[in-house]
Amino acid sequence: MNARGSAKSPRRATVPASQVPEGDARRRPHWLAALGTATKGLRLSLGVLAAVGLLAAVVSPAFAQPASPPGLQKAIAAQERHTNALLAIPGVIGTAVGLGASGPPVVKVFTESRAVAGVPHVLDGVPVVVEVTGKLVARHHRPGHGAGGDGEAPAVDPTARFDRPVPIGVSTGHPEITAGTIGARVKQGNVVYALSNNHVYANTNDATVGDSVLQPGPFDGGVDPDDAIGTLAAFHEIDFGGDNVIDAAIALSSTADLGRATPANGYGTPRSTPVAAVLTQRVQKYGRTTGLTSGRVDAVNATVNIEYNPGQVARFVRQIIIRPGTFSAGGDSGSLVVVKGGPNDRSPVGLLFAGSLVVTIANPIGDVLARFGVTVDGE
């Protein structure tokens, strides 16, 4: 439950949301009139093929797209064509594209429970796999969520108050929320900022530019102004009536207040250059609640409905799905997801913001950085 304070006066100044690409118009799927029956293959137009060939689902235009498995473009095209109709089925809360048990890409349909009926087995010749994820929620701390991660409590307590400059990956938040995580130190020229989520630093659109951000977050004992490490500089407003790509905010800070590496038991300093999320990619993160955890990119191009508070749901598109469920928990919102191992070790991939007991969801980091015109202050 989000620890909100008393109602605030209207915001004096907010940063307008950047343009979010409009969704393509989609024709009414044939299967919608007769749910439960497999569809006949539908010919894809050259325009659709060209669009999905860009794989904008997981990459900001500024970053190159790695090689993709055969059939991925076809699966993305089928997913995007049918997502609106799938989400109209009661209990369906998301779609994405991942790899099936036998290898080729499939359309994944996420549901709140096993009781959901009417999801087709095939879409445009692409197999459909239904996965029960449970409700998908924003990952700010909710009372009752403790540490755990990969099964052991972190040796360093990320909920504690740290000497300044504070590390990344530890407790933080706006004075009127519970707690989230500092994702990274980012910079624009010589000016440095703390990066986290809108719902961590901007109180889910309700903050005012100039408000304090604390370390630790209020739930963990942070007090304004004694524990301030900066002030809210910009946030991308969450649209609860349309499509979103990022849940992000930055707070003006300084090298005296904010470091650029995780605590000693984390992955260290992230690299400055982001990479695209790709299926089966090994990733890691360091967060306020679960510390250092590792997982794999399970699906890409996800469209998901995220609950922020009861009755407050926002739709996100082009998201990254990570497994296992122990990768994150409430309070890990804002964590930077980076590559684990290989030539791209510690390269930023995503900004963690939501999940369930089964999956974690992250924004493409390229979109986050481009929105604020910043780079990761890393190696």
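Student: What share of the chain's contacts between residues at least 6 apart in sequence join residues at least 24 apart?
Tutor: The share is 69%. A contact here means heavy atoms within 4.5 Å. Note that this is a predicted model: local features need pLDDT of at least 70, side-chain atom pairs need 80 or more, and totals for chains, interfaces and linings use all residues. Residues are numbered from 1 along each chain as its sequence is written, and side-chain values use heavy atoms, leaving out hydrogens and water.

Student: How many helices and strands does the chain have?
Tutor: There are 4 helices and 20 strands. Both are DSSP runs, numbered from the N terminus: helices are H or I, at least four residues, and strands are E, at least two.

Student: Which element has the lowest mean pLDDT, and which the highest?
Tutor: pLDDT is the predictor's confidence in each residue, from 0 to 100. Helix H1 (residues 46-53) is lowest, with a mean of 36. Strand S13 is highest, at 99. Over the chain the mean is 85, and 78% of residues reach 70 or more.

Student: Where does pLDDT stay under 50?
Tutor: One stretch is residues 1-65. Another is residues 144-151. Where pLDDT is low, the predicted coordinates should not be read in detail.

Student: How do you know that the length of helix H2 agrees with its residue count?
Tutor: The expected span is 1.5 Å times one less than the number of residues. H2 runs over residues 72-87, 16 residues, so it should span 22 Å. Its end C-alpha atoms are 21 Å apart, which agrees.

Student: What is the bend in H2, and where is it centred?
Tutor: H2 has a kink of about 40 degrees, centred on Arg 81. The bend is the angle between axes fitted to the seven residues ending at a residue and the seven starting there.

Student: Why is H2 called largely enclosed?
Tutor: Buried means under 20% relative accessible area, exposed over 50%, and partly exposed in between, with a 1.4 Å probe and protein chains only. In H2, 12 of the 16 residues are buried, so the rest of the structure largely encloses the helix. Among them are Leu 72, Ile 76, Arg 81 and Leu 87. For the whole chain of 379 residues, 55% count as buried.

Student: What makes Thr 181 buried, and what does its side chain reach?
Tutor: Its relative accessible area is 0%, so Thr 181 counts as buried. This residue is in strand S7 (residues 180-181). Its side chain reaches the backbone nitrogen of Arg 288 at 2.9 Å. That side chain also reaches the backbone oxygen of Gly 331, at 2.9 Å.

Student: Is Asn 203 buried or exposed, and what is its phi?
Tutor: Asn 203 has 2% relative accessibility, so it counts as buried. Its phi is positive, about 50 degrees, although Asn 203 is not a glycine. Most residues other than glycine have a negative phi, and most peptide bonds are trans.

Student: Why is Thr 280 called partly exposed?
Tutor: Its relative accessible area is 43%, so Thr 280 falls in the middle class. Phi of Thr 280 is also positive, near 70 degrees. The residue lies in the loop between S13 and S14.

Student: Which peptide bonds are cis?
Tutor: One runs from Asp 224 to Pro 225, with omega near 10 degrees. Another runs from Arg 323 to Pro 324, with omega near 5 degrees. Pro 225 lies in the loop between strands S10 and S11, and Pro 324 in the loop between S16 and S17.

Technical notes
A polar contact is a pair of N or O atoms within 3.5 Å; within protein, one must be able to donate a hydrogen and the other to accept it, and residues adjacent in sequence count only if both atoms are side-chain atoms.
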